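Subject: Structure for your files

Hello,

Please find the structure below, followed by notes on what was found in it.

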Amino acid sequence: STQSTGSLYFIVSVMSADTPENRSYIQRHRLWLLGEVLTMHLLIDKPAQPMTAIVKILEKERNTQTEAVDSPTPEVAAAAKDYIQKHLITSVFEEWLRNTVEAKPENPLEFSVTHFQKLAAKTEGYVSDAAATSDAPAA
């Protein structure tokens, strides 16, 4: 059990909708693993714009789904503590997981991409590649 998995389990356990059905949905759609993938990238890379980084990670997951994630070393986890607090990562993941479980979309990866694109646009001025090209003036 990795530290990130433990925190995702904690988030679900304190959610008002902690039901067997919701836990089954989370496991069936690999949301634990997706949370671990996102967490590890943030812990290791500590990007200045974490929501934008999450969108890019999720977009890569569309093509190649990660099968396993190594647990963070104690040094990586300790070094990332301030970063996680500064960027409110725990709250961000709690909101993402709660919204995903409540909506139960058939394609939670696409739902997650959209969720984090909106959050990145709101907090970091993110513009998706599709929006950037469609909004470009004609030459």
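**Overall fold**

Along the sequence, the chain follows the pattern α-α-α-α-α-α-α-α. It has eight helices and zero strands, where helices (H or I, at least four residues) and strands (E, at least two) are DSSP runs numbered from the N terminus. This is a predicted model, in which local features need pLDDT of at least 70, side-chain atom pairs count only at pLDDT 80 or more, and totals for chains, interfaces and linings use all residues. Residues are numbered from 1 along each chain as its sequence is written, and side-chain values use heavy atoms, with hydrogens and water left out.

Of the 139 residues of the chain, 40% count as buried (buried is under 20% relative accessible area, exposed over 50%, partly exposed in between; 1.4 Å probe, protein chains only). Among contacts (heavy atoms within 4.5 Å) with a separation of 6 or more, 76% come from residues 24 or more positions apart.

**Helix α2**

Helix α2 spans residues 20–28, and its buried residues are N22, Y25 and I26. These cover an arc of only 100 degrees around the axis, which puts them on the same side of α2; the arc is that of the directions from the helix axis to the C-beta atoms. An α-helix has 3.6 residues a turn, so residues three or four places apart point the same way. P20, E21 and R28 are exposed on the other side of α2. Just after α2, R30 has a positive phi of about 60 degrees.

**Helices α3 and α6**

The axes of α3 (residues 31–45) and α6 (residues 89–103) come within 12 Å and cross at roughly 155 degrees. Axes are lines fitted to C-alpha atoms, for helices over the stretch in contact, and angles run from 0 to 180 degrees between N-to-C directions. The two helices are therefore roughly antiparallel to each other (over 145 degrees). In α3, the residues L31, L34, G35, L38, T39 and L42 meet I89, F93, W96, L97 and T100 of α6. The residues of this contact divide into eight nonpolar, three polar and no charged (Ala, Val, Leu, Ile, Met, Phe, Trp, Tyr, Cys and Pro count as nonpolar, Asp, Glu, Lys and Arg as charged, and the others, Gly among them, as polar).

**Residue I89**

I89 is found in helix α6 and counts as buried, at 7% relative accessibility. Leaving aside neighbours within four places in sequence, I89 is in contact with L42, P50, M51, Y83 and I84. I89 and M51 are 38 residues apart along the chain, and their C-alpha atoms are separated by 9.3 Å.

Regards

Technical notes:
Angles under 35 degrees count as roughly parallel, over 145 as roughly antiparallel, 65 to 115 as roughly perpendicular and the rest as oblique.
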